[in-house]
Amino acid sequence: MASAKQATAVSQAMSVLHEWDKGSKTTRRKILLTFVTQNYSKTAPELEAEFAEAASLFLARLSAWLRLTYMVGTCLNLQLQAITIFISASSGHKFLAEFLEVGGVLTVLEILGLKQAKEEDKTHAIRLLQCIANAGRKYKELICESYGIRAVAECLARSKSEETQDHARNLLQMLAQGNPKYEVQVYKGLIALLPSTSPKAQQMAAQTLRIVQPIVGQANPNIVDPLLNLLRTLHLEVQYEAVELIKDLMKYEVQDQLLQGLVHALVPAKEDMRRPEILDDPEAPELKQPLPVFVQQAAAAKVIGVLVKEFDNLGEKLIQMRVVHNLMIAMGNEDHADSQRQASITLEFLASSYPLVDEHVRDAMGEALYQAFLSDPEALYLSMDAVQADVLRSNKVNIPGIIETVE
């Protein structure tokens, strides 16, 4: 009975292979669809039983057809799903080795860079790479050696599909974990994504950097400028991740660079404040948006407030960097109410925490403006007149020396 069953299985397997070899694209599509539907989540022994110990022959045919057709996209989705079933099969190390021997990793990585490839195909390609990376450190290294970090990062930056981007982000995170040889390269690749034109890519890059930074240990100074530029975005989810990453980086050697950058962002350069005429075109009211440097100015004021509240040692350091002077300038920015509001809230906290700051602020503002500031710093901008705004912008506050905090 066993030999009869075995003979039937061999006959069926040979029939499928023969049908594949002689079949058209339509025939092969049907074979792939049947295979994917019937063999999802099967173990390697179960796959071998399905093909009468000849599963490797079918995988070899899949791998060969993928290399021949991936450029034109013939059944690409189904091919990738079928190969993933083999690679992800429990106890399927043999299948993984066979796929890698024929250059499978390079082929799949090339799919990520194809302009004509569908987003769904790229998603399945990344899932296949995740299965390979899951097999262990040496397989992660193989992907990285094949320029996989760059390919996956570029896919994340260019993709229009959030699902594809999410899978790409997860794969980059996987390649950084348990892969000491290439963790720094992944880290640099994520930093390179921060200036991306895709807000989703920016958000995911900042989010993943928060996970990868402790793995790498030392912070790269090149992270500072692109990270601070994220504060110019109108996308709140991107700003949130940027702020959280800035908070995390306060434990690293780039702390002073970030603080200095935040203080400087409170006073935008004149060349950055030139407003394109189209933004104020009355015929296009939907284009009336704040200048990016003003969005950054407000965000910087808010972040500084968050930092001085969460980290006891940063208040004195920021005061030495003339943050009080720059916060008052931001408070006088009549072109952006949120800058005025955020700067006022942060300055009030500093003034209430450091008596010397309070004294200098009072002298610079004058009694009337100072009392209005104390009574409601958050709404001060609503009652501020042009003269008061000019007083704030032209302030000369410069607090030297070490500041003592009130106990």
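Which residues make a nonpolar surface patch of about 240 Å²? Val 10, Met 14 and Leu 57 make this patch. The model is predicted, so local features need pLDDT of at least 70 and side-chain atom pairs count only at pLDDT 80 or more, while totals for chains, interfaces and linings use all residues. Residues are numbered from 1 along each chain as its sequence is written, and side-chain values use heavy atoms, with hydrogens and water left out.

**Surface patch**

- Val 10, one of the residues of the nonpolar patch, has its place in helix 1 (residues 2-22). Helices are DSSP runs of H or I with at least four residues, numbered from the N terminus.
- Val 10 is partly exposed, with a relative accessible area of 36%. Buried means under 20% relative accessible area, exposed means over 50%, and partly exposed lies in between (1.4 Å probe, protein chains only).
- A patch is made of residues with over 30% relative accessible area and no salt bridge; nonpolar side chains (Val, Leu, Ile, Met, Phe, Trp, Tyr) are joined within 5 Å, and like charges within 9 Å.

**Helix packing**

- Two packed helices are described by the angle between their axes and the distance between the axes.
- Helix 15 (residues 236-248) packs with helix 17 (residues 292-310) at an angle of about 40 degrees, and their axes are 11 Å apart. That angle makes helix 15 oblique to helix 17, and their crossing is right-handed.
- Helix 4 and helix 6 (residues 93-101) pack at about 30 degrees, with axes 10 Å apart. These two helices are therefore roughly parallel to each other, and helix 4 passes helix 6 in a right-handed crossing.
- Angles under 35 degrees count as roughly parallel, over 145 as roughly antiparallel, 65 to 115 as roughly perpendicular, and the rest as oblique. Axes are lines fitted to C-alpha atoms, for helices over the stretch in contact, and angles run from 0 to 180 degrees between N-to-C directions.
- A crossing is right-handed if the near helix is turned clockwise from the far one by less than a right angle, and left-handed if anticlockwise.

**Positive phi angles**

- Most residues other than glycine have a negative phi.
- Ala 52 has a positive phi of about 55 degrees although it is not a glycine. Ala 52 lies in the loop between helix 3 (44-50) and helix 4 (55-69), and at 22% relative accessibility it counts as partly exposed.
- Cys 75, also not a glycine, has a positive phi of about 50 degrees. Cys 75 is found in the loop between helix 4 and helix 5 (76-88) and is buried, with a relative accessible area of 6%.

**Salt bridges**

- The whole structure holds 19 salt bridges, each being a side-chain nitrogen of Lys or Arg within 4 Å of a carboxyl oxygen of Asp or Glu.
- Arg 210 lies in helix 13 (residues 199-216) and Asp 248 in helix 15, so the pair ties together parts that are 38 residues apart in sequence.
- Arg 210 and Asp 248 also belong to a network of salt bridges that includes Glu 244, Lys 247 and Glu 310.
- Lys 317 and Asp 256 meet in another salt bridge (3.0 Å, N to O). This pair links distant parts of the chain, with Lys 317 in helix 18 (residues 314-320) and Asp 256 in helix 16 (residues 255-265), 61 residues apart.

Notes
Areas by Shrake-Rupley, 256 points an atom, 1.4 Å probe, with all protein chains shown as cover.
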